[in-house]
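Here's a quick briefing for anyone meeting this structure for the first time. Have a look at the model below, then read on.

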Amino acid sequence: NYAAANAGLAALAERRRACGLPALCIDWGPWAAVGMAADAGDRVAKRIASLGLPPIEPAAGRAALADAIRSGLPRVAVLPGVDWG
């Protein structure tokens, strides 16, 4: 349900932008202090980190939100420090 809802919101943002309306969809990585990843516990946090997805610290998340809004893009992903290897 979570993935389907996010896909629907992303499609809505793309459609709004195609119509010249404002929209922004942000694909967030895991957060350090809040959200599903933080609430899942240490075992899940370690597993996510082992996949190369370090958590987003709140200050970095706020800065990324401001950057995303200023970008003018309809969709962005926030994955600071990701290890693509």
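Let's start in the middle: the largest nonpolar core has 6 residues, namely Ile-26, Ile-56, Ala-64, Ala-68, Val-76 and Val-78. Helix H4 and strand S2 each supply at least two residues of this core. A nonpolar core here is a set of buried Ala, Val, Leu, Ile, Met, Phe, Trp, Tyr and Cys residues joined through side-chain atoms within 4.5 Å. Buried means under 20% relative accessible area, exposed means over 50%, and partly exposed is in between, using a 1.4 Å probe and protein chains only.

This is a predicted model, in which local features need pLDDT of at least 70 and side-chain atom pairs count only at pLDDT 80 or more, while totals for chains, interfaces and linings use all residues. Residues are numbered from 1 along each chain as its sequence is written, and side-chain values use heavy atoms, with hydrogens and water left out.

**The overall picture**

- The chain's secondary structure comes to 4 helices and 2 strands, and from the N terminus on the elements run α-β-α-α-α-β.
- Helices (H or I, at least four residues) and strands (E, at least two) are DSSP runs, numbered from the N terminus.
- Taken along the principal axes, the C-alpha atoms fill a box of roughly 45 × 30 × 25 Å.
- Of the chain's 85 residues, 21% count as buried.
- Among contacts between residues at least 6 apart in sequence, 76% join residues at least 24 apart; a contact means heavy atoms within 4.5 Å.

**Helix H4, one side in and one side out**

- H4 covers residues 58-71, and its 14 residues should span 20 Å at 1.5 Å a residue, which agrees with the 20 Å between its end C-alpha atoms. The expected span is 1.5 Å times one less than the number of residues.
- The buried residues of H4 are Gly-61, Ala-64 and Ala-68. They sit on the same side of H4, because they cover an arc of only 60° around the axis. That arc is taken from the directions from the helix axis to the C-beta atoms.
- On the other side of H4, you'll find Arg-62, Ile-69 and Arg-70 exposed.
- What covers the buried residues of H4 includes strand S1 (25-28) and strand S2 (75-78).

**Ile-56, Val-78 and Pro-80**

- Ile-56 lies in the loop between helix H3 (42-50) and H4, and it counts as buried at 1% relative accessibility.
- Not counting residues up to four places away in sequence, Ile-56 touches Trp-28, Gly-29, Pro-30, Trp-31, Ala-32, Gly-61, Val-78 and Pro-80.
- Ile-56 and Val-78 are 22 residues apart along the chain, with their C-alpha atoms separated by 8.4 Å.
- Leaving aside neighbours within four places in sequence, Val-78 is in contact with Ile-26, Asp-27, Trp-28, Gly-29, Ile-56 and Ala-64.
- Pro-80 is in the segment after S2 and is partly exposed, with a relative accessible area of 35%.
- Beyond neighbours within four places in sequence, Pro-80 is in contact with Pro-54 and Ile-56.

**Helix H1 and Ala-13**

- H1 has 17 residues and reaches 24 Å from its first C-alpha to its last, close to the 24 Å expected at 1.5 Å a residue.
- Ala-13 is found in H1 and is buried, with a relative accessible area of 5%.
- Setting aside neighbours within four places in sequence, Ala-13 is in contact with Ala-23, Leu-24, Cys-25 and Pro-74.
- Just after H1, Gly-20 takes a positive phi of about 80°.

**Empty space**

- Rolling a probe the size of a water molecule over the atoms shows where empty space is left.
- On a 1 Å grid over the protein atoms alone, a cavity is a set of points where a 1.4 Å probe fits but cannot get out, and a pocket is an open set with protein on both sides within 12 Å along at least five of seven lines; lining residues have an atom within 4 Å of a point.
- The largest pocket has a volume of about 380 Å³. Its lining has 18 residues, of which Tyr-2, Asn-6, Ile-26, Asp-27 and Trp-28 lie nearest its centre.
- H1 gives the most to the lining of the largest pocket, with 5 residues.
- The structure holds 1 cavity of 30 Å³ or more. Grid points are joined across faces, edges and corners, and a volume is the space filled by probe spheres set on the points.
- The largest cavity is lined by Gly-29, Pro-30, Leu-53, Pro-54, Val-78, Leu-79, Pro-80 and Val-82.
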